[in-house]
Amino acid sequence: MCEVYPPSEDTFLFLEALKEEKFEGRYCLEIGVGSGVITEFLAENNTVDGVDINPKAIEITKRRCKKCRIFYSDLFSSVRDKYDIIVFNPPYVPEEKEFGDIYDMSWYGGKNGRRIIDRFLDDFDMYLKKNGRMYMLQSSLSDLKKTIEKLKEKGFRSEILKTKKLFFEELIVIKAERDIINKR
Ligand SMILES: C[S@@+](CC[C@H](N)C(=O)[O-])C[C@H]1O[C@@H](n2cnc3c(N)ncnc32)[C@H](O)[C@@H]1O
């Protein structure tokens, strides 16, 4: 039985999108580091903090990314800084049945797939610098339209960077930035 979410299709699609964005010298936060591959990539050219609720994910990522600050946080509960870039590949799979162990928390998104996504979207902007960017992976199973509407309500415009069709869903990488009007 897995203890930590292994790098998967969503991880690789997210990595591909982030690589094409080519940012460097930024202060980044990864929420939900899992195995640490995304944090490790970001840390090649940026200063990176990473958080997770799974102690094993924190341990593995600390080992993998020695320069980074990796710590326990339930989303932003222990985050104190503001960042240029925030990235999150959230648990998004909708399931009627309740799941509860720490590994299930890496993929289980509650009944509508949005249990963690909505909490994240409620708060992320408080931890993002004025000109900061947020990148999130989303599945077609967990209501992309609602994500884009929520971002719009908060004064963020969003862009779809990448999509990938899988057997039963489509994966989507979203980039969000504050609208110019709201940057003043
Ligand atoms: C889909 S996995 C992504 C892991 C890794 N970033 C990747 O792309 O392979 C989601 C990660 O978010 C973590 N997570 C779930 N709920 C969280 C929460 N409330 N706060 C912080 N991390 C959370 C899980 O433990 C898991 O490591």
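Visitor: Which residues are closest to the ligand, and how many surround the ligand?

Guide: In this predicted model, 24 residues surround the ligand, and the closest are Thr 11, Gly 32, Gly 34, Asn 89 and Ser 106.

Visitor: Let's turn to helix H4. Which of its residues are buried?

Guide: Start with the general idea: an α-helix has 3.6 residues a turn, so residues three or four places apart point the same way. Now the case here: in H4, which spans residues 115-123, the buried ones are Ile 116, Ile 117, Phe 120 and Leu 121. They cover an arc of only 130 degrees around the axis, which puts them on the same side of H4.

Visitor: What covers those buried residues of H4?

Guide: The cover includes strands S1 (27-31) and S4 (83-88), together with helix H5 (144-153).

Visitor: What about backbone angles: where is Lys 22 placed, and what is its phi?

Guide: Lys 22 lies in the loop between H1 and S1. Although Lys 22 is not a glycine, its phi is positive, about 50 degrees. Lys 22 counts as exposed because it has 7 C-beta neighbours inside 10 Å.

Visitor: And where is Asp 143?

Guide: Asp 143 sits in the loop between strand S5 (128-139) and H5. Asp 143 is not a glycine either, yet has a positive phi of about 60 degrees. With 19 C-beta neighbours inside 10 Å, Asp 143 counts as partly exposed.

Methods. Residues numbered from 1 in each chain as written. Predicted model: local features only at pLDDT ≥ 70, side-chain atom pairs only at ≥ 80, totals over all residues. Near = placed C-beta within 6 Å. Buried ≥ 20, exposed ≤ 12 C-beta atoms within 10 Å, placed from the backbone. Helix = DSSP H or I, 4+ residues; strand = E, 2+ residues; numbered from the N terminus. Arc of directions from axis to C-beta. Contact = placed C-beta atoms within 7 Å.
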